[in-house]
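Morning, everyone. I have one structure to show today.

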Amino acid sequence: MNEKTAITLAINGRDHPITVEPRRTLADAIREDCGQTGTHIGCEHGICGACTVIVDGEPVRSCLMFAVQADGKKIRTIEGLANGDKLHPMQQAFMDHHGLQCGFCTPGFLMLAVGVLEREPEIGDDDLLDVLASNLCRCTGYQNIIKAVRAAAKEMRKG
Amino acid sequence: MTWVGRAIRRLEDPALITGQGRFTADLPAVHWVRFVRSPVAAGKLMKISAPKGAMVIAAAELKGVKKITPMLHKFNYKPVGQPVLAESMVRFTGELIAAVAAASEEEAEDIADQIELSIDETTPVTDAHAALKAGAPQVHAEAPGNVILEGKVKTPDFDAVWKNAHKIVKVEARSRRQNATPMEARSGHAVYDPSNGRVTLTCTTQMPHLTRTAICDVLGLPESDLRVIAPDVGGGFGQKMSLASEYVVLVWLARKLKSSVAWTEDRRENLIAGFHSRDQHITLEGAFDTNAKLLALKADIISNIGAYSCFPTTCGVEPLMAMAEMPGPYDVQQYACLARGVVTNTCTMAPYRGVSRPVITFTLERLMDKAARAFAIDPIDIRRRNLVDKFPYKSAMGLEYDDASYKETLEMAVKAVDVPAFRKRQKEARAKGRHLGIGFATFSERTGYGSPAFAARGMEITPGWETVIVSVDPSGFVEARIGSSPHGQGLRTTLAQIIADEIGITPEMIKVVHGDTDRAPYGWGTFASRSLVISGGATLIAAQKVRAKLIKIASHMLEAAPDDIVLADGSAKVAGTDRTIPIARLAREAYTQTHRFKGEIEPGLTETGHYDPPGTFSNACHVAIVEVDVETGHVKVEKFVVAEDAGRIINPMIADGQVHGGIAQGIGNALFEEIIYDENGGILTATLADYLPPTAHEIPPIELHHIETPSVNSITKAKGLGEGGCIGAPAAVISAINDALSTFGVEIDEMPATPQRIRAALRNAEKTA
Amino acid sequence: MKPAPFVRHVPKTLEEALKILAEVAPQDGRVLAGGQSLVPIMAFRLAKPAHLVDINEVAGLDKMTSDGKSLAIGARVRHAAFHKSVVDNPLGQLLSEVARHIAHYPIRMRGTFCGSLAHADPASEWCLVAATLDAILVAKSTRGERTIAAKVFFAGIMSTALAEDELLAEARLPLLSKDTIFGFNEFSRRAGDFAMAASLVTYRLQAGKIAEARVGIGGAESFPRRVVEAEAALNGKTPGDTVFRAAAEATAKAIDPLEDHQTNADYRRDLVRAVVRRALEQSAS
């Protein structure tokens, strides 16, 4: 039962061949087996959203997927969001609007917002608020996160 | 133009938004630790049966390890020691019993699952009132009647004033148990260095130096053998102040295994055993004269402090803070108070943002609202009649309030919400069966207080002062090493702004170093809305010394009088001339050309500042507008308005962020968050689907207005503001709920005001109507 | 909080899946679909299945088809598939209205319709839909295929009529007549939390009177169901406040309320009364 399986996690365009037990969550595999510690773990039961990553274009909770289920899929994490030194508009907006304080929930919020906006660029303000209610932040009181995401959404629509 | 006062972008952000933050749980380790915790609330620990071959550490192995025994020298405090791992007794669900070390977290948990505990269960007591009853189970033999401390105060003329008062108004307030819930739960990583025998403990602490002191005390180590690092820390809110026994075990294990060991707390552990707070009963009575002027206050404060006394603040932190600051922003000179800390079979209480003040503000503001009703006057009016408006003001407890704007912020907030327009809207909504309410909370927030404040509490450890070392290195760049330990507050940016103004460079050239006992001077960390005031003050003092030295060097090199030297834009200039020299050059000379100064200037460019201020009071008025769904009990906070005065604002963007975050937690505390024990002392709210921090949906737009009354008790003129949002919001929200429900004859004096509680009150009112 | 070890099986065909399930079911084997409910309870080690039959790669189960009478939803169809109407029928709008109340966006990316039914959380929105609309559930095993009516499918809190070796391969929802009117309402403390009470109502209007009323209630009892007393209070009546209140009251009376630390029986009845009336009001607005 503790036998390990060889899989490849393709994270931000780079293949990570790893061997994991089937029970290893995608979140743990990204962090511990692939060393990409920008993805954070806040609750491990799918409520807080700190571990949100984009798998094959879908924003998902990486604590609720097993790593073996992501074998061969395209995974995007916070480390791959900027284009070299050029910040993604969402990252820039979080900085400009003070959408973060301790920064622990931030990668999850960024991946959530980017993941949803890439799928639904024309999403309305109310629906966007519903989306942002997916994740928990304990520092900011959310108002600056909402401002940041709305500003970045505009930027992203401009392309 | 100064850097102070500007909303510059945070220097912390580039790493955090790109996934380059460095948090404790990011570190790899050879051994992973899983703790075995008590599944029951009370009992005698008989036997621990572990699977063969597993590495399991229990109390018996920790020979020579002392108990954690925080001390208070006043208030009839009963010192109660907490074993690092439970010895003969277990006293709350989640208490540490053993540690398992294995090659992975999964494996450690597999082993922990197989460990069998034999515990002779005894009847627990979880409620403070129940614990005070005769015949209640005794949690500690050292604390008979379960009272671990008792504070009493009565002003000399109290009885006479009380007797002659026109009207007595009373509130019995209840605040339920809460958990600070930082998004990063606690974690620790200890690694042994065989070359020198030292251990480096990286952990999620708000106070690295005191963590080192505490662990070395308990393990009997010289402090030089332990380095404590607080890397990026994912929020603390007080929970990460108190010493986690888990860290003691990690350091012990790293030394035993001569290797690295790590523990990452899971969310369930955090909710069960990661410290709780706010579990209080307060009965508060106010004596008023015929003009609704408050003459005297009488408080009975019962604080459920859980099973042990937390280190370093001790369990006095809640009851004694409540006792000292109960009168709040109101002018009342007669005061009597009994404040008791009660031990129970529940998770240990520790500071949580606001410490008691969210509860006492909610209680006092309920009292004022009830008094307004008793006098048939407007709730705003009764506040106008009673707020302190002459400074400095000495409170009945002897606290000195520095210049503030209690009345001005009230008027500012009242104007901003347009009360008459709201009352009209409220009336129209009622006609349609919708119930809107408005609630006001005015409060003072004692911040930035130094060691005398802690000494007054009788604390063995008085965490007051701060030290900052500012160095300009030979490259001309600046490093400020600080004893505070920020974890989201933006101190790397705000302190850089303070230094930049003093020595004429940009904040980007300044690195603030913190959270490492090898790199930072001894200090107390970040808590109690203190860091910008105290560390900021020490920073200013150190930076002023550096400035003076730079001017001295410049005056030598430019052959000008020191008074004529101006530091700005990276250069020293002789005023009124075009003679300048880059600051980087001055710095280089300070190290490499000291012979030029002929012994008149000491080498190097490093200065130290210490600061231990008396404390300053921020203030604010919070206004909540809510809609109560009377059928479901649901409360929607529609709008939140704040008029805030925290003295001089160093960075408005960061200051506003602190207020926003505090308000969100305050709304959570007011409406959603509650740790619930069952009758056996088990916790029913051990997941984030049961313990409910608010989401973006539950937090309304927040409108902020500012007054800046410079503080005379803070050399930067800044006051602290980290906790204020959380202090005022519960009172404002619950006041608004009561306003909305005023036509039903219902009063809610409990937080959180959950929908079930609101419905129960309404149902009762319907029955009796 | 890491799951206990298990063996993962990754069948590519339904036959293979059923064969493996038949083998491992007696050894504490379970089906893994979206995992959004199962993985959390495994993380808490409240469930420690020894085998997981991961159906995420089984061909064909991601299909949604309609034969003009019903909509067949395959076992791999995710909640997010319903963000937009999936069928040109009032059912399509009903499903997308309900879908946005299910947990949160990232959960809806992974969680499946059939998985929700098989998990049978009393508060599940899809279980309420299945019960209210009298869905037909298609269970498959190596022993064959059988259909189960929603009315008998739900058996208790997280308990269904599925045998341990059976896979809920498909759920069939009846298409609604074009003039069907519906309303949905749920109450939860925070956005996206489990409903503490939820109601789905559907009916038609015949000469201005309510006909074929269905009143479903979820989150209030061990499993969702239709409330005949409420339906009787509606049928033949003109929609309006009095009638809606009567139906809500009838539901509150009829239920045997679940109780927990935040919801006693009285409060659950209060919520039931509110959500039924509000669902009816929404239907009429």
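**A helix pair and two chain contacts**

Look at chain A to begin with. Helices α2(A) and α5(A) cross, and the crossing is right-handed. Keep in mind that this is a predicted model.

How do we describe a pair like that? Two packed helices are described by the angle between their axes and the distance between the axes. Here, α2 of chain A covers residues 89-96, and α5 of chain A covers residues 143-158. Their axes come within 8 Å and cross at roughly 145°.

Which residues make the contact? On α2(A), look for A:P89, A:M90, A:A93 and A:F94. On α5(A), look for A:A148, A:A151, A:A152, A:E155 and A:M156. By type, the contact of α2(A) with α5(A) has eight nonpolar residues, one charged and no polar.

Now the chains. Start with B against A. Chain B puts in 39 residues, and chain A puts in 43. On the chain B side, two or more residues each come from α1 (13-16) and α17 (652-671).

Next, C against B. Here 21 residues of chain C are in contact with 24 residues of chain B. Which helix gives the largest share of the chain C side? That is α10 of chain C, residues 265-284, with five residues. The side of chain C that touches chain B has nine nonpolar, five polar and seven charged residues.

That's my tour. Over to you.

Technical notes: Residues are numbered from 1 along each chain as its sequence is written. Chains are lettered from A and ligands numbered from 1 in the order in which they are written. This is a predicted model: local features need pLDDT of at least 70, side-chain atom pairs count only at pLDDT 80 or more; totals for chains, interfaces and linings use all residues. Two residues are in contact if their C-beta atoms, placed from the backbone, lie within 7 Å. Helices (H or I, at least four residues) and strands (E, at least two) are DSSP runs, numbered from the N terminus. Axes are lines fitted to C-alpha atoms, for helices over the stretch in contact, and angles run from 0 to 180 degrees between N-to-C directions. A crossing is left-handed if the near helix is turned anticlockwise from the far one by less than a right angle, and right-handed if clockwise. Ala, Val, Leu, Ile, Met, Phe, Trp, Tyr, Cys and Pro count as nonpolar, Asp, Glu, Lys and Arg as charged, and the others, Gly among them, as polar.
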